[in-house]
Amino acid sequence: MKNTIIHTKQKKLNFIIIISLLSLALLAVSPAYCSDLNNSSSSQTEPVLKLVPSNTGEPGFFKFVLSNESSGPFQRIEQYVDLGYILGGFGAALLILLMYRRMASKEQEMMERPPQAPYSHNVWKKLGLGKLYQDEYEATRIRLFTAIPVVCIVVAELLIFLGRVELGIGMHVVILIAFSLSNLVIKDLKVYRIYEALMLLPILRLVNLSMPVFFSTTLYAFVFVYGPLLVPLAIIVMHQRQSLDKIGLTSNNLLAYVTLSIPLGFLFGLAEYLVIKPGYLIPDLSTENLLKLTIIMVFFVGLTEELIFRSFLQTRLEEAFDIRVALVITAFLFGSMHSGYGTFYEILYTSFVGLVIGFMFYKTRSLPFVAVMHGFINIFLFGFLPYYLSGWKGF
């Protein structure tokens, strides 16, 4: 009777997660859809509230503006859809909370009752190779179950890179649904923990694409994108079965690392500026604006992304593979998640930077170090460098 009740609740939760994911995908693609409907409607003109792409360097952001474009029968529908972003974007945090509460409870169950190892064939046992066969089988299975979602995430990002945003979003939704239902078939704790980290990547992309900009200063958009992601990250930290030192939550050598992160951030930021040449995210270099830029880039962007890629994904991969494989996979995914810039060189460069940052994290095990360095890369990239170098010849 108890098992039946648990199974019923599980099915209801699965249904809620799937519906929420599909709703989030609809929010991500609706601006283009509604714009197409309006273009084919009547030619009446009146000021309307409209979502348009923002000028931020990050892909996927939109902002609300008053527009005098033609107002047809679908115009009011578009406004309601636009306002739905307010609830949809923040609703993603609730979705993430549901998914991670469920996955964390499943992880605890797998730790308390680990599944039996697959049965080795009698031939291998007679030859005394049962243990060898079992180890090879386990390694192959982990590689396969890791490679499939990694390739799918990269393909989804490649679709976005090629301008097929709707297809990329759809693929990310399918990946997330598969991750949320993976506990039905995945019984290996190492694989399950890798999935728990990997699923943050499509969530990051969907929240990024479905969250509008509510202010004229598009810098604040990063707060609305990365803020909700702190919800599942906090849940993961609370349910971690590793020491906090291993995931980098330590204050060791903090002052030295913060000092070192500034010149490193400048060098990496300068190289990235030469690749993509973004615009600035602050109106001037006043102390107030620089302080806002620093807080958002370090404590929202840098901290969130480094928690995802280094503290969780890289450490989970280290448990299943050697450090070289973990670094390469993490760096490759880190670069792929920058596909929205539309520049292949940016993907290559950020993959290289991800490899370097991953190696630094492996050597220092300091999350503050890599988070602050990541933040300063963006501070120089979107703050100082566009102001000082945009007018120079050759830049």
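Helices here are DSSP runs of H or I with at least four residues, numbered from the N terminus. Welcome to a predicted model, in which local features need pLDDT of at least 70, side-chain atom pairs count only at pLDDT 80 or more, and totals for chains, interfaces and linings use all residues. Residues are numbered from 1 along each chain as its sequence is written, and side-chain values use heavy atoms, with hydrogens and water left out.

**Glu318**
- Helix 10 (residues 287-320) is where you will find Glu318.
- Glu318 counts as buried because its relative accessibility is 17%, the cut-off being under 20% relative accessible area with a 1.4 Å probe and protein chains only.
- Beyond its neighbours within four places in sequence, Glu318 is in contact (heavy atoms within 4.5 Å) with Ile323, Ala326, Tyr362 and Arg365.

**The largest nonpolar core**
- A nonpolar core is a set of buried Ala, Val, Leu, Ile, Met, Phe, Trp, Tyr and Cys residues joined through side-chain atoms within 4.5 Å.
- The largest one has 80 residues, and Leu198, Met297 and Leu333 have the most contacts inside it.
- Helix 13 (residues 367-389) gives the most to this core, with 13 residues.
- Setting aside neighbours within four places in sequence, Leu333 is in contact with Leu198, and also with Val150, Ile153, Val154, Leu201, Phe309 and Leu313.

**Helix 9 against helix 13**
- The axes of helix 9 (residues 254-276) and helix 13, lines fitted to C-alpha atoms over the stretch in contact, come within 6 Å and cross at roughly 45°.
- In the contact of helix 9 with helix 13, 22 residues are nonpolar, three are polar and one is charged; Pro also counts as nonpolar, Asp, Glu, Lys and Arg as charged, and the others, Gly among them, as polar.

Methods: Helix = DSSP H or I, 4+ residues; strand = E, 2+ residues; numbered from the N terminus. Buried < 20%, exposed > 50% of the residue type's maximum accessible area, 1.4 Å probe, protein only. Axes fitted to C-alpha atoms, helices over the stretch in contact; angles between N-to-C directions.
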